[in-house]
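Student: Could you take a close look at one part of this structure with me? I would like to go through the place where the two chains touch.

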There are 2 protein chains.
Amino acid sequence: MTPPSLFEQREGEEQLSFDPASLPADGHVIFIGRINSPWTARQACPKNMRAAREARKTASISIDPPYRPGLRGLEGVSHIFILTWLDRSPRNLIVQKPRHATESKGVFALRSPVRPNPVGLHVVKLLAIDMARGKLEVDAIDALDGTPVIDVKPYFASVDAFPEATVNRSGE
Amino acid sequence: MTPPSLFEQREGEEQLSFDPASLPADGHVIFIGRINSPWTARQACPKNMRAAREARKTASISIDPPYRPGLRGLEGVSHIFILTWLDRSPRNLIVQKPRHATESKGVFALRSPVRPNPVGLHVVKLLAIDMARGKLEVDAIDALDGTPVIDVKPYFASVDAFPEATVNRSGE
């Protein structure tokens with residue numbers, strides 16, 4: 001689903017000459033669960049995890065029954081990656097100009113939901129697990145209620161935490 | 001492609017009653033590039049990013065021509081996420097026992113390439129970019145040469161770095 005009307009195009013943006021959503025598939029994803037969040041309208045949904053944390057609302061992830069045994073062992077993990085499938089975003093905008101930005105940027109330099117493969121990546125704190133109901137309670141989420149989930153992974157500080165990482169924010 | 005012969009099954013492991021690779025697609029991915037790594041044999045390939053860094057071999061990512069404008073702005077970024085599509089792994093093992101582990105764990109508590117959606121997540125240091133050739137040089141990678149790439153994202157310390165994250169490694 002690609003409702004481009006939701007996404008105005010801005011000066012300095014560039015489209016691909018084709019729509020990735022119309023290309024033959026190189027691989028296929030299945031949904032393993034859904035996000036349950038307080039955000040039912042795109043306008044109210046936090047645009048990133050910082051804004052989501054500032055909103056001070058918890059959220060949860062529901063994992064579908066066949067995949068629930070896959071949660072075993074997560075109870076010892078403090079933080080997780082959630083990968084979502086942002087299927088309400090167009091996929092054909094390769095250079096974008098975020099609202100309030102002075103310069104356009106390539107999609108791979110942005111965390112925009114609009115990308116060739118609409119995979120969202122969220123690092124969240126795991127507050128509680130209900131194994132039987134397949135429910136993960138997390139500290140915050142920057143995704144609409146009902147967003148499909150395609151993967152959950154444990155976060156390992158040893159290979160995933162780079163507090164020294166920098167971004168030159170000129171133009172952002 | 002699912003050559004289960006590459007993956008022996010171990011005691012305590014659990015299979016799904018179906019193969020996610022055979023389900024109808026909920027969404028489709030396209031490959032936007034490939035990993036170029038020193039690892040051409042599965043036996044030699046580092047099993048995680050820590051082992052990859054210890055091997056002290058750089059790697060690169062080649063982005064296909066139509067997607068190269070998407071790299072604009074990445075030159076100011078020190079670390080990136082790479083999402084890969086691990087299409088040589090089976091998808092139907094929901095509880096797994098990693099080699100050398102004493103206990104089996106659910107797939108969502110592991111970074112195993114064997115998962116319902118075979119998406120690999122790698123945080124790497126970006127050493128250099130050749131925009132014209134669509135090439136990203138990175139400090140290390142724990143993926144086989146030729147592995148398809150489905151996304152690149154900037155790493156933001158403010159929302160992605162949790163050095164305080166912990167894992168109860170009992171059983172690992």
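Tutor: What follows goes through the contact between the chains and then turns to a sheet in one of them. The model is a predicted one. In it, 65 residues of chain A are in contact with 65 residues of chain B. Several elements of chain A give two or more residues to the side that touches chain B. Two of these elements are helices, namely H1 (49-54) and H2 (157-160) of chain A. The strands of chain A among them are S2 (27-29), S5 (79-85), S6 (93-96), S7 (105-106), S8 (119-130) and S10 (148-154). S10(A) gives the most to this side of chain A, with six residues. By residue type, the side of chain A that touches chain B divides into 40 nonpolar, 14 polar and 11 charged residues.

S2(A) pairs with strand S2 (residues 27-29) of chain B, in the antiparallel sense and over three bridges. Within this pairing, Gly27(A) stands opposite Val29(B), a residue of S2(B).

Now for the sheet in chain B. Three strands of chain B make up an open sheet with antiparallel pairing, and their order is S1-S6-S7. Strand S1 (14-15) and strand S7 (105-106) of chain B are the edge strands, since each pairs on one side only. Strand S6 (residues 93-96) of chain B pairs with S7(B) in the antiparallel sense, over two bridges. There, Gln96(B) stands opposite Lys105(B), which belongs to S7(B).

Methods
Residues are numbered from 1 along each chain as its sequence is written. Chains are lettered from A and ligands numbered from 1 in the order in which they are written. This is a predicted model: local features need pLDDT of at least 70, side-chain atom pairs count only at pLDDT 80 or more; totals for chains, interfaces and linings use all residues. Two residues are in contact if their C-beta atoms, placed from the backbone, lie within 7 Å. Helices (H or I, at least four residues) and strands (E, at least two) are DSSP runs, numbered from the N terminus. Ala, Val, Leu, Ile, Met, Phe, Trp, Tyr, Cys and Pro count as nonpolar, Asp, Glu, Lys and Arg as charged, and the others, Gly among them, as polar. Two strands pair if DSSP finds at least two bridges between them.
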